[in-house]
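The sequence and structure come first.

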Amino acid sequence: MAATGTGQAARELVVKHALAHPAWGHRKIWAMVRHDGHVVSEATVLRILREEGLILPAQYQRERGKLAERRKAAFATEPSGPNQVWQLDFSEFGTTTGGTWRLAGCRDYWSKYEHPFHVSPTGNQHDAIDAMELALADYEAMFGHPLVEACPVDPETGELLPVVTLVTDNGGPFRSFRFESFIAAHPSATPRAHPSEDPGTERVP
């Protein structure tokens, strides 16, 4: 028999779903709580979220839409398949002892596939290069040939044309001489600064 009322069990479920899915609105959380057997109203779920400080800002979805538009504007041509645009970025994870681990990794924009991450206490040019090397090695392992072999050739000059556009936030590691030299030595990728992001890292508690 379904439980009724706004008891502690229902409140705990609301909080549980909200913490597990931060992007969910109160209606989706209400539906999940109902699915779990608790008969509560949408208004009650919304009130609990407000009391627990878990309600999303009113402009949240609008900001997400604007961010998606800015990301699309970063590409001269919208990707139509995998291995056309890779996104390279840093994320930070704080440890329980007060330390910080920094993850650098490439993500394929079209397929959302994540290449292996490079993990380090630092987030510099060397880490950015290591992340690129991991992505290139992962591509070769998956497809059986280096990415450079997929590059088209300019019919007039005979030069290799980049097959992947590498999108970054244009932070310090990506503007460094070493990173630019690495990219120059790998004609399969061409860098493009992300126009909608500020340089820096993404913090994950």
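Ala 31 is partly exposed, with a relative accessible area of 36%; buried means under 20%, exposed over 50%, and partly exposed in between, with a 1.4 Å probe and protein chains only. Ala 31 belongs to helix H2, residues 26-35. Its C-alpha atom is separated by 9.5 Å from that of Ser 41, ten residues apart along the chain.

The model is predicted, so local features need pLDDT of at least 70 and side-chain atom pairs count only at pLDDT 80 or more, while totals for chains, interfaces and linings use all residues. Residues are numbered from 1 along each chain as its sequence is written, and side-chain values use heavy atoms, with hydrogens and water left out.

**Overall composition**

The protein chain has seven helices and eight strands. These elements are DSSP runs numbered from the N terminus, with helices (H or I) of at least four residues and strands (E) of at least two. Of the 205 residues, 32% are buried. The chain exposes about 12,200 Å², of which carbon and sulfur atoms supply 54%; the areas come from the Shrake-Rupley method with a 1.4 Å probe, and for residues only the protein chains shown count as cover. Among contacts (heavy atoms within 4.5 Å) with a separation of 6 or more, 59% join residues 24 or more positions apart.

**Nonpolar cores**

A nonpolar core is a set of buried Ala, Val, Leu, Ile, Met, Phe, Trp, Tyr and Cys residues joined through side-chain atoms within 4.5 Å. The largest one has 19 residues, and Trp 86, Leu 88, Cys 106, Met 132, Leu 166 and Phe 179 have the most contacts inside it. At least two residues each come from strand S3 (85-94), strand S4 (100-108), helix H5 (125-143), strand S6 (164-168) and helix H7 (177-184). H5 gives the most to this core, with seven residues.

Leaving aside residues up to four places away in sequence, Trp 86 touches Cys 106, Arg 107, Asp 108, His 115, Ala 135, Leu 136, Tyr 139, Leu 147, Val 164, Thr 165, Leu 166 and Val 167. A second, separate core has ten residues, including Ala 10, Ile 29, Val 40 and Val 45.

Helix H1 covers residues 8-20 and helix H3 residues 42-51. Axes are lines fitted to C-alpha atoms, for helices over the stretch in contact, and angles run from 0 to 180 degrees between N-to-C directions.

| Pair | Angle | Axis separation |
|---|---|---|
| H1 and H3 | about 70° | 10 Å |
| H2 and H3 | roughly 115° | within 9 Å |
| H1 and H2 | about 130° | 9 Å |

Angles under 35 degrees count as roughly parallel, over 145 as roughly antiparallel, 65 to 115 as roughly perpendicular and the rest as oblique. H1 and H3 are therefore roughly perpendicular. H2 is likewise roughly perpendicular to H3, whereas H1 and H2 are oblique to each other.

The crossing of H1 and H3 is right-handed, as is that of H2 and H3 and that of H1 and H2. A crossing is right-handed if the near helix is turned clockwise from the far one by less than a right angle, and left-handed if anticlockwise.

Between H1 and H3, the contact involves Arg 11, Val 14 and Ala 18 of H1 with Val 45, Arg 47, Ile 48, Leu 49 and Glu 51 of H3. H2 meets H3 through His 26, Arg 27, Ile 29 and Trp 30, which face Glu 42, Val 45, Leu 46 and Leu 49. In the H1 and H2 pair, Leu 13, Val 14, His 17 and Ala 18 of H1 meet Ile 29, Met 32 and Val 33 of H2.

**Loop residues**

Most residues other than glycine have a negative phi. Lys 112 has a positive phi, near 70°. This residue lies in the loop between S4 and strand S5 (118-120) and is partly exposed at 41% relative accessible area. Asn 170 also has a positive phi, near 65°. Asn 170 sits in the loop between S6 and helix H6 (172-175), and its relative accessibility of 33% counts as partly exposed.

His 186 is in the loop between H7 and strand S7 (189-193). At 27% relative accessibility, His 186 is partly exposed. His 186 and Leu 160 are 26 residues apart in sequence, and their C-alpha atoms are 9.9 Å apart in space.
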